[in-house]
Amino acid sequence: MMGTESPPLTEEMESLALSDDSTDDVAATSSSLPSTDSGRASSDPHNAASTASSSRSWVARRDGTSPGTVHAATSDYLTISVSDPEMVHEAANSLVTGSTTYVTYLITTWIRADASDGDPTEFTVRRRFRDVVTLAARISEAFRGYFIPQRPDKGIVESQMMQKHEFVEQRRAEIEKYLRKLAQHPVIGRSDELRVFLLAEGKLPLPANTDVASRMLDGAASLPKQLFGERAAGQVAPEGVVQPAKEGRDLLRIFKELKQTMSNDWGGVKPLVVEEDKEFLERKDKMQDLQQQISSTSLQAEEVVKAQQDIGETMAELGMAFIKFTKFDTEESAFFSQKMLAADAKRVATAAVKASRLYGELNALTIKHLSTLHEYLGAMLAVQSGFSDRASALLTVQTLMSDLSSLHSKVEKLEAASSKIFGGDQSRLQKLEELKGKIRVTEDAKSCALREYKRIKDNNRTELNRLDREKHDDFLNMLKGFVTSQVGHWEKLGNAWAPLAEETSCYARQS
């Protein structure tokens, strides 16, 4: 008998909500749940890289397990399934008339027992697609530099397509596949973000910091203060540099980094810090070459599937033609030899129909094994996203160093001008103190940004090593499966035709 969650655990899980606070709140609330939260971003500038070393402790990927099954060393999840889509009609708030319609999905998660001989525990929650978007945003913020599986796309005309069963079923399958991939990741699979999503009962509110429109409105509202108002508003907060500028509410920072990008590309001046990891640059180029090779091979795999399907359909049509020929020859035959020929034609028709079915089975196996190519094409998107995190972090460091250079230059000019005036100029001295204060804040932000950049570099290196190991095993299993299915098919096909060939040869000798 499978166990269910105990009342204390249920109460604690109900308190886990993705609030607008930091993800540390989630980690603190779920402290009693077994998890390993390594490699995540830290908002504390002094601890931004404190977890980087623990993120390098990896385990081998599962091998030979069925889809959705995760090895014990990887995570606590045994299986994750998404089922029972349900349409929900929700009344709108007082400001908006009408109602909102969306689909929720039943997510069932089996978690291994703490004791080796204990029964697994089943958790069931209902989630809508917006919750999946929230989960993806949280994971993207917390695990920069990792190769995070891509979440399912949000449809443009989703409200119209939602009424169609095919759309709902496709989304159900995509969500299930996405959650299983997250659970299979050796770090994300043990994160509090994923555990909250899978285990916390009740609705998960959409945090304000994952709403792009809200971010842009907040950024637009604070921009005048940054440019003309409060002096502190224009300074870079150290805790803000652990996230890319495009994900924050700081439009001034976005503009500064855009200017830095243009300077890097067109200014003709080398930035104060650049990507100097030659090993990474070489591996990055190899990843691009690998993506091209996988894409080309995937196209050829599709051609093989199409060719096998065409042969199977043509063989079926040949069988039906022989059946019609047999019926005609049987009705019109007056001699024994004609009847024998009709019987042979019938056996050929039967073998052809059987061969068409064998080609159908072969095609299903071919798609199953060669789908690894399509999986890795999707994985390449995750790789590019991880590299993009690295480039974004480097751009933040470059921008802050440019700001520091500009601030130091202003200080030197003010000090030079003040030295020429006996007793100094109070307004200039006050401005000088303000600039020095900005320098101290910017220095702290730069130090935090450098630690974040190093953490992302470590995550990239770890993920590239993991990908190399998994790629070897996955492609080897793909090739073995493909070859084995081809050998088995041709053996079955030979067994279908061989008896007929012997009977036809015997008949020819008798004639």
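1. Phe143 counts as buried in this predicted model, because its relative accessibility is 0%. Tyr146 is buried as well, with a relative accessible area of 1%.

2. Five aromatic pairs turn up when the whole structure is searched. For Phe143 and Tyr146, the ring centres are 6.0 Å apart and the planes meet at 65°, so this pair is edge-to-face.

3. The rings of Tyr376 and Phe475 make a tilted pair, because their planes stand at 35°; their centres are 5.0 Å apart. Tyr376 is buried at a relative accessible area of 6%. Phe475 has 17% relative accessibility and still counts as buried, because the cut-off is under 20%.

4. One aromatic cluster is formed by Phe147, Phe280 and Phe387.

5. Two arginines lie over aromatic rings. The charged end of Arg127 is placed over the ring of Phe197, 5.5 Å from the ring centre. Arg128 lies over the face of Tyr102, and here the distance to the ring centre is 3.6 Å.

6. Buried residues in helix 5 include Phe167, Val168, Ile175, Tyr178, Leu179 and Leu182. Arg171, Arg172 and Glu176 are also among the buried residues of this helix.

Conventions:
Residues numbered from 1 in each chain as written. Predicted model: local features only at pLDDT ≥ 70, side-chain atom pairs only at ≥ 80, totals over all residues. Heavy atoms only, no water. Buried < 20%, exposed > 50% of the residue type's maximum accessible area, 1.4 Å probe, protein only. Helix = DSSP H or I, 4+ residues; strand = E, 2+ residues; numbered from the N terminus. Phe/Tyr/Trp six-rings, centres within 6.5 Å; stacked < 30°, edge-to-face > 60°. Lys NZ or Arg CZ within 6 Å of the ring centre and 35° of its normal.
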